Amino acid sequence: MYRILATDGMDKSAVKILEDAGYEVVQQFYEPAELAEQVKNYDVVVVRSATKVRKEIIDAAVEGGRLKLIIRGGVGLDNIDVAYAESKGLVVKNTPTASSASVAELAIAHIFAVSRFLHISNVTMREGKWEKKAYKGVEIAGKTIGIVGLGKIGCETAKRAAALGMKVLYTNRSGPKEGAEAYEWVTMDDLLARSDYVTLHRPCAKDCPPIIDAEAITKMKDGAFLINSGRGALVDEDALCDALDSGKLAGAGIDVYREEPSKNMRLITNPKVSVTPHIGASTKEAQKRIGEETVKIVREMFG
């Protein structure tokens with residue numbers, strides 16, 4: 001019997017399909033030291049964003065001689081040392097399309113929240129305050145959104161932003177994207193200078209320097225908004241807080257953090273910031289699609 005370890009959970013319908021097909025599925029989170037021991041007992045490991053599969057885990061798996069497949073339930077693979085795993089003969093896969101729409105919708109939700117003070121007025125009204133005059137927002141239609149990384153999530157975000165009447169700019173490390181002629185490709189500096197909203201949808205390595213740091217923020221429009229539902233490492237959180245406190249930026253919508261759970265109280269309690277606890281892919285529909293893609297990958301590998 002093939003054994004599957006789902007360290008960050010798995011959709012129950014996918015579990016049932018796999019179990020009915022004769023696989024054993026164990027849903028259990030392990031800290032790194034224990035995971036290094038447990039991984040020796042499984043043929044497949046399925047992770048989300050919470051579990052990191054680094055060299056030590058991979059070495060332990062190779063030593064055990066059983067693990068064949070690592071699946072990341074989601075778009076990015078930055079929490080897995082992919083090249084090292086593949087060099088050791090392991091197969092690494094992800095589910096690149098399953099959660100794209102859900103993450104894009106959350107990015108748009110944060111845009112609405114910070115534009116119309118939904119995040120903070122919801123709090124102050126529960127405190128018995130009626131601060132109508134304090135919440136003079138801005139309309140989204142007619143504004144310019146700059147998308148950093150026009151991959152699957154970036155494309156889904158662009159479609160929704162355009163439908164709301166926004167002008168869409170984007171920048172890609174690989175240059176203009178085929179099939180994206182409806183949007184304008186620009187350099188990163190041009191995007192920062194022209195965008196009313198900058199939203200990040202670029203992957204990054206585990207130790208990548210932030211692309212939105214103090215220098216990048218100086219290039220942004222005064223009163224612009226920053227949205228990050230990509231990776232926490234993309235943003236210098238202290239520089240962001242400084243820009244919010246100074247008024248350089250009007251607000252931010254943040255779903256991902258350099259440390260998770262975040263302990264940066266200066267950021268997560270800032271009244272100009274709409275915060276969510278890394279829930280971009282946390283919809284019933286996305287979880288079902290992730291499960292379906294996971295089942296497909298397992299069946300293609302083992303039958």
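Colleague: Which helix makes a right-handed β-α-β unit with β10 and β11?

Modeller: Happy to start there! This is a predicted model, where local features need pLDDT of at least 70, side-chain atom pairs count only at pLDDT 80 or more, and totals for chains, interfaces and linings use all residues. Residues are numbered from 1 along each chain as its sequence is written, and side-chain values use heavy atoms, without hydrogens or water. The unit is right-handed (clockwise from first strand over helix to second, strands pointing away from the viewer), and its helix (DSSP H or I, at least four residues; strands are E, at least two, all numbered from the N terminus) is α10, residues 237–246.

Colleague: Which strands pair with β10 in the parallel sense?

Modeller: Pairing needs at least two DSSP bridges. Four bridges join β10 to β9, with L200 opposite N228.

Colleague: How many residues of β10 are buried?

Modeller: Buried means under 20% relative accessible area, exposed over 50%, and partly exposed in between (1.4 Å probe, protein chains only). On one side A224, L226 and N228 are buried, and on the other F225 and I227. For β10, residues 224–228, the count is five of five.

Colleague: What is the C-alpha separation of G74 and R289?

Modeller: G74 sits in the loop between β4 (69–72) and α4 (82–87) and is buried, because its relative accessible area is 5%. Along the chain, G74 and R289 are 215 residues apart, yet their C-alpha atoms are separated by 9.9 Å.
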